[in-house]
Amino acid sequence: MPAAKRPITIDDLWSLKRLSTGSLSPDGQWTCSVVTSYDMKKNESTSQLWLLSTDGKTQRQLTRGKKDGDPQWSPDGKAIAFVSKRGEGKDADAAGQVYLISPDGGEARRVAQVATGVSALRWFPDSKRLAFVSWVWPELKTQEQQEKKLKEDKDDKVQATVLENNHYRYWDHWFPRGRKPHIHVVDIGKNGDGGKVRDLFAGTAFHLPPQEPDATLFDISPDGKELAFTFDFNPDPREFSFTDIVAMDLKSGKTSTLTTRDKSLARFAFEGPRYSPDGKTIAFIGCDFTKQHNEQHRAWLLDRKAKKPTPWSATWDRGVNGPLQWAASSDAVYFVAEHGVTQPIWRLAVDAKKPTEVLRGPGEGGTAGDLRISANGKTLVYARSSVLHPPTLLACNADGSSERTIEKFNAKLMAGLLIGDAKSVEVKGFDGDAIQMWVVSPPGYKADTKKKWPLMQVIHGGPHTCGNDTWHWRWNMQMFAASGYVTCAVNYHGSSGFGQKFLSSINGDWGRREMADVEAGTDYMLATGTIDPKRMVATGGSYGGYMVAYMNGNLPAKRYQAYVCHAGCYDWVSMMGSDGYFWFGHELGAFHWDDEARVMKQSPHHYAQNFNTPTLVIHGELDYRVPYYQGLAYYNTLRARAIPSRLVFFPDENHWILKPQNSKLWYAEFTGWCDRYTSGKANSKVK
């Protein structure tokens, strides 16, 4: 008899492989995927390349390095380029470098030695050159000068940063001192040997946007003669980076701005250029900040002869996620986009204004991502997850037919796990508006149960994101349900996927509507008769953390027995230390010096005198989005008010908890705190 299924554990969560689509072979018969495995004991990860046949019949390991990533299949199909750090001793790579390997296997060869490191690979159509990104000192002209300067910078006894820029750090790192992300080209010899490395932006003011300078921000024309890239001509942008698409003639180095602007386009941002296979058109993403700061992204088109950008999906009330993937016939693009809680694959024809849905998953539809299309246009490969399962790699025909799973990495482990049912329900939220809520059942829970169950509200971050039908590695609904909680997640006002009006409904007035929506979800569950009103907790991270702090000051005592606040915004005045500080004047409707009363009304710290509920505060010291002192201020306030509270502080984590052993502690502290106040043993210790 087969073994009985069991609830998921933290060790199971970190035993699951994490997969990327990678890069397709030109004929669409294979994809080279990155498979990442974690070792809980060693507290580290290993990423290696695997070849997966798109018919689902074969999976074969290609590399055995420790950190292999960003595979890119050459257009002629003969080689796969990837980024890795290899070697030992004096030959060890200090930073990621470009390597080549044959799809048939064998030893990988390093193409070039770039002291400042390599990322964001992209082949030229002739398979004789590779483009990549490296952070360099723009005033230096040679690789030797870059290497010398890098050593001097590392050896400098003074590591202070002196600047007069609006933006100087991002997420969890400071921008490298004096360096900019430039696009480079390296020649590839007949035998895969590396040749000369050339900085395409040397001697110019050009560089990619520094926040996330990846390969989605540039493209190479089908004839290999032109580079299109994303650039902001403002050397020191403020809250909005009004980026343009710029074209560079690769022979002469001459450039031209493709997204020519009149007054109506003055506050637009354009990014992510993609040449059509016939070379006549460039598709890209545009965002209109004229309307509001959180306008949805749209698809745009540019006829290369007319040289005039035209809106493409402007009448479709959903946001378009890049990068756009051209059909081989150049008559349409494919992409993924949220539609409610699902994220299907869409096709947008050149002569259409709205896309048609190609494919969604079973049940609520799942969340598709990491989409690729083969050069011959016949095969789509993508990852899809749901609340019920982690990302799985699949393939289908371009019309969405013949979908098949192309890997089995997690199948055996998942088959032995007892996964809780996930139900999508509709509740009446703020002002009677329809609000979606997830309900994930713990083992043994049934709608007609006579037992009273504890309830956990999990409030998503953003706020302009969505609690999709997806598998979340850090806030895993199945993990919470396996701990015995009926686990709920409300897509409150301001969430994405439900149209622009809903997305922008909280602008300048944060907290009220979202709290009413969460409360409506809790009331909905209480009305089922299955929930114990004396065993309810509310949890959240980032904006969700803000919400539980706001609720602590605005809801009556004992509504929830405990809160968990992870990386939560606590004080909107001191949040000016965030890397996103410019945005808050738009999100809150004002900066505090312009309208203090308005900002205070939306700030949890303003309600400190009303705090009444035991709270676990969690924060990472490397969090630059919600700086760690936000968590300390909240915790210290709770202690000063003699409210039961506990602090979990990670000196080596950012906004997210990413290391296996830290994650194990995070889940233990999280559920342990909730258990303490729902078990009837308020003085028990967290295990």
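One definition before the tour: two strands pair if DSSP finds at least two bridges between them. Helices (H or I, at least four residues) and strands (E, at least two) are DSSP runs, numbered from the N terminus.

Now the ground rules. This is a predicted model, where local features need pLDDT of at least 70, side-chain atom pairs count only at pLDDT 80 or more, and totals for chains, interfaces and linings use all residues. Residues are numbered from 1 along each chain as its sequence is written, and side-chain values use heavy atoms, with hydrogens and water left out.

Start with a sheet. Strand β23, residues 298-303, pairs with β24 in the antiparallel sense, over 4 bridges. Look at Trp300: its bridge partner in β24 is Pro311. These strands belong to an open sheet of 4 strands, ordered β21-β22-β23-β24, with antiparallel pairing. Which strands stand at the edges? β21 (268-275) and β24 (308-311) do; each has a single partner strand, so one side of each is left without a neighbour in the sheet. From one strand to the next, the twist averages 30 degrees. For such angles, axes are lines fitted to C-alpha atoms, for helices over the stretch in contact, and angles run from 0 to 180 degrees between N-to-C directions.

Next, another open sheet. Its 4 strands run in the order β17-β18-β19-β20, again antiparallel. Here β17 (218-220) and β20 (255-257) are the edge strands, each with a single partner, so one side of each lacks a neighbour in the sheet. The twist averages 20 degrees between one strand and the next. Inside, β18 (226-231) and β19 (244-249) pair over 6 bridges. Phe231 has Asp244 in β19 as its bridge partner.

On to β8. How many of its residues are buried? Strand β8, residues 80-84, has 5 of 5 buried. Buried means under 20% relative accessible area, exposed over 50%, partly exposed in between (1.4 Å probe, protein chains only). Ile80, Phe82 and Ser84 cover one face, and Ala81 and Val83 the other. Strand β7 (69-73) joins β8 through 3 antiparallel bridges, and Gln72 has Ala81 as its bridge partner. The two form a hairpin with 6 residues between them, and Gly77 in the turn has a positive phi of about 80 degrees. β8 also runs antiparallel to β9 (97-102), with 5 bridges. Ile80 is bridged to Ile101 there.

Now the cores. A nonpolar core is a set of buried Ala, Val, Leu, Ile, Met, Phe, Trp, Tyr and Cys residues joined through side-chain atoms within 4.5 Å. The largest holds 51 residues, and Met525, Met551 and Trp572 touch the most other members. Helix α7 (543-554) gives the most to this core, 7 residues. Apart from it lies another core of 38 residues, including Trp473 and Tyr677.

Last, the domains. The bounds come from an automatic or database domain assignment. Domain 1 is 63-148 + 169-203, and domain 2 is 418-677. Their centres, taken over C-alpha atoms, are 41 Å apart. Together they bury about 760 Å², 53% of it on carbon and sulfur atoms. That is accessible area (1.4 Å probe) that two parts lose on being put together, summed over both. In domain 1, Arg169, Trp171 and Asp172 lose the most area to domain 2, together 89% of what that side buries.
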